[in-house]
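Here's a quick tour of a protein complex, written for someone new to reading structures. Keep the picture open beside the text and find each piece as it comes up.

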Amino acid sequence: MLFPLSRARALWALAVLVLCAAVASGRALAEEHIWIIGGGPTPEASERQIELNVKWVIDTLRRVRPDARLHVYFGKGQGAGSDVKHWQRPAETAAALQPLARVFGQQMENGNAYRPNTVPDVLGPTTKTSLVAQLGDEFSQLRPGDQAWLIFNGHGLQDAVKPGDPAANTLRLWGNTRLSVRELDTLMGRVDPAVRFRFIFTQCYSGGFLRLIRPQAEDRRELAPADRCGFAAESATRMSEGCSATLKVGDYRDYTTFFFAALGGQTRLGEALPDGVDRNGDGVVSPLEAHRYVLKAAHNADLPRSTSEDYLERWQPWYLRWVETGRSPDNSFSKLAAEIAAQLGLPTEDKAMRRELERRRAGLVRESGALLGERDALVATVRSRQEQFQQQLAARWPQLKHPFTTRYAQFLVSDSDEAQAFIVALPAYDDLVRSQDRLDTIELELVRVDRDETRLGMVLRLRRMARLLGQFERFASARERAEYSRLQDCESAPL
Amino acid sequence: MSRMKLYLGRIFTLRLVLALIVVPALAYPLFTTFLLAVDTFFGDAEALHQFRSESAMALARLLAADWLAALPVLYGVLGLAIVLAQVARACDPHQRSWPTLAASSFLATAIAVGGSVALGATPGAFAAAMALAGALLGGFLVLLLGRHSKQCSFR
């Protein structure tokens, strides 16, 4: 009797072992692939911030997900030539040609420098034809159970002919090429539908790419069968926080900076994150929690959105629109709105808060109007001074009128010091410098006003999302609930 | 004389048909204007926020899409109001106007209250009431034209 029993036990043990091995091998086979695409369309529009963002994303991902396979495509790739622009304030000296640059309106460009990218392990350029071929090949190799991310860091455009069609929005790729939402949707069609595919788009008009969750990227309420979700730094109709060529990483306030800080557990400067990033307290910061952290912490000019938020906005039927907009039901969105309102020092009571929001917005609009008025007046003054100086210079050094000639090159070698001494000695030169510097300051102040106004807009947007979620919970059909839940699961699954 | 009557009858029939087509189509802009005013002065100014912070074109497209989506419902409401009015008139041996008005008003109130209960919202009642205003206006037009010409009568 003992023998048959032990044989049965052995068979059971064997079966369990086989099962465990199958599960383990299945897990081992499933891979996480992350595509990181970055850089601008030309060296002039490929700011250093983009390169630093991509490098930081790579560092963070290698730390958080060392087992993930990274596929990096950046600018011109690894070939010869420059694809990164960085800027440093030029010295106010004749050696730096800054007086001459000021007279000819190139005082900012005089600080530009170009060099090849230093992004590690770049597989190739982002030129459209090359990238489409590479991605198509790599996407078709994904197997059921694999997970994929596509992270884009660069510039985007609205379609000039169809600016109201979000699916016509494009990524600006190297060589001044473009890839539209529809083209990317077709490309992603090669991915097995059983693969969870997530994306992050941070460029201008990036909200158009949230259409990737719809069938053929069309304007439909329902979701495509593929398991896709993601995040965008802006709507389909707004520009995102500008890219900077500055070297000061601490100044960066873009979506990537905050999103990956939350996922990586530390800020860009290596500092600890504030409490509450892990909103559900499960010990892991999910992509959705990282997105919520961006909404709360990023004081910038962006109104970011996720695919589940986009789903709610597209779901809302006409008869629920503009109804009860003075209230905000108690849910995750209204909590976030209240937290941001508290950061901004807004009253908690609905009516008082609305009044204060409108008062502050009106103040910012007035400030912006005054700055724009001052800017226009200064631009006219600067132009007039520049024309006057250029005429005086051309009277003594006529070769200045013909750049890219031998005489001009000779001027730069032999006469530039004397010409610049002449410029600096002009009585109105100091006024030109002051006016140009003030114009730079005005641009920064306008960005600050835009950021402040966007933060007020963020409170209103989140209150609107809270109402939408409340309506959805009351009126959505079973199919719509299942679709929304699918998106939330996708956005909440750990990296 | 009979030619004149026929001519007048055709004009009134044309006006009736136009009224039936136009009134529900105008009802949506009417109640949306009302809701937007409530939103702007008593709410979060959601529409204004979308206009300023998102895109004026996107907002216009949204309103146009909503208008198209609302049309079948508004035409349905008008149809219901007309049927109810006709039933009320048919039941009245003296063929007076007030039963029709009462029936239309009852329908308006029923839909407004039902709408507000369903939406769980106070302005929702106004929305439904405003939608019904178009239907009521249509009812009035039917009554008005019905007095002038028998051809306009639904009987």
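What follows goes from the whole model to its two chains, then to the place where they touch. Keep in mind that this is a predicted model. The predictor gives the complex an ipTM of 0.76 and a pTM of 0.86.

**Chain A at a glance**

- Chain A has 13 helices and 11 strands, so you'll see both kinds of element when you trace its 495 residues.
- Along the principal axes, the C-alpha atoms of chain A fill a box of roughly 115 × 60 × 45 Å.
- Of the residues in chain A, 39% are buried.
- Take the contacts in chain A between residues at least 6 apart in sequence: 76% of them join residues at least 24 apart.

**Strand 6 of chain A and its partners**

- Look for strand 6 of chain A, residues 147-157. This strand is mostly covered, with 10 of its 11 residues buried.
- Strand 1 (residues 32-39) of chain A pairs with strand 6 of chain A in the parallel sense, over 8 bridges. To spot this pairing, find A:Trp35, whose bridge partner in strand 6 is A:Leu150.
- Strand 9 (residues 196-201) of chain A also runs parallel to strand 6 of chain A, and 6 bridges join the two. Here A:Phe152 stands opposite A:Phe201 in strand 9.
- Strand 7 (residues 170-173) of chain A pairs with strand 6 of chain A in the antiparallel sense, over 3 bridges. In strand 7, A:Leu171 is the residue opposite A:Gly156.

**Two helices of chain A**

- Helix 2 of chain A covers residues 48-64, which makes 17 residues. From first C-alpha to last it reaches 24 Å, close to the 24 Å expected at 1.5 Å a residue.
- Among the buried residues of helix 2 of chain A are A:Ile50, A:Leu52, A:Val54, A:Val57, A:Ile58 and A:Leu61. Some charged-looking names turn up there too, including A:Arg48 and A:Glu51.
- What do the buried residues of helix 2 of chain A pack against? They pack against strand 1, strand 2 (69-74), strand 3 (84-87), strand 6 and helix 6 (255-264) of chain A.
- Helix 10 of chain A spans residues 350-396, with 47 residues. It reaches 68 Å from its first C-alpha to its last, close to the 69 Å expected at 1.5 Å a residue.
- In helix 10 of chain A, the buried residues include A:Met353, A:Arg354, A:Leu357, A:Phe389 and A:Leu393.
- The cover over those buried residues of helix 10 includes helix 3 (98-103), helix 9 (332-343), helix 11 (406-425) and helix 12 (429-475) of chain A.
- A handy reminder for reading any helix: an α-helix has 3.6 residues a turn, so residues three or four places apart point the same way.

**A closer look at A:Glu339**

- A:Glu339 sits in helix 9 of chain A.
- Is A:Glu339 buried or partly exposed? A:Glu339 counts as partly exposed because it has 16 C-beta neighbours inside 10 Å, while a buried residue needs 20 or more.
- A:Glu339 and A:Val459 are 120 residues apart along the chain, yet their C-alpha atoms are separated by 9.0 Å.

**Chain B at a glance**

- Chain B has 5 helices and 0 strands, in the pattern α-α-α-α-α along the sequence.
- Of its 155 residues, 30% count as buried.
- For contacts in chain B with a separation of 6 or more, residues 24 or more positions apart account for 63%.
- B:Ala25 lies in helix 1 (residues 2-42) of chain B. B:Ala25 is partly exposed because 14 other C-beta atoms lie within 10 Å.
- B:Ala25 and B:Leu80 are 55 residues apart along the chain, and their C-alpha atoms are separated by 16 Å.

**Where the chains touch**

- The contact takes 24 residues from chain B and 19 residues from chain A.
- On the chain B side, helix 1, helix 2 (46-54), helix 3 (56-91) and helix 5 (122-148) each supply at least two residues. The largest share, 6 residues, comes from helix 3 of chain B.
- By class, that side of chain B has 12 nonpolar, 6 polar and 6 charged residues.

- Chain B averages a pLDDT of 72, and 57% of the residues score at least 70.
- Within chain B, confidence is highest in helix 2, at 87, and lowest in helix 5, at a mean of 55.
- Over residues 147-155 of chain B the pLDDT is below 50, and this stretch has 14 contacts in the model beyond near neighbours in sequence.

Notes
Residues are numbered from 1 along each chain as its sequence is written. Chains are lettered from A and ligands numbered from 1 in the order in which they are written. This is a predicted model: local features need pLDDT of at least 70, side-chain atom pairs count only at pLDDT 80 or more; totals for chains, interfaces and linings use all residues. Helices (H or I, at least four residues) and strands (E, at least two) are DSSP runs, numbered from the N terminus. A residue is buried if 20 or more other C-beta atoms lie within 10 Å of its own, exposed if 12 or fewer, and partly exposed in between; C-beta atoms are placed from the backbone. Two residues are in contact if their C-beta atoms, placed from the backbone, lie within 7 Å. Two strands pair if DSSP finds at least two bridges between them. The expected span of a helix is 1.5 Å times one less than its number of residues. pLDDT is the predictor's confidence in each residue, from 0 to 100.
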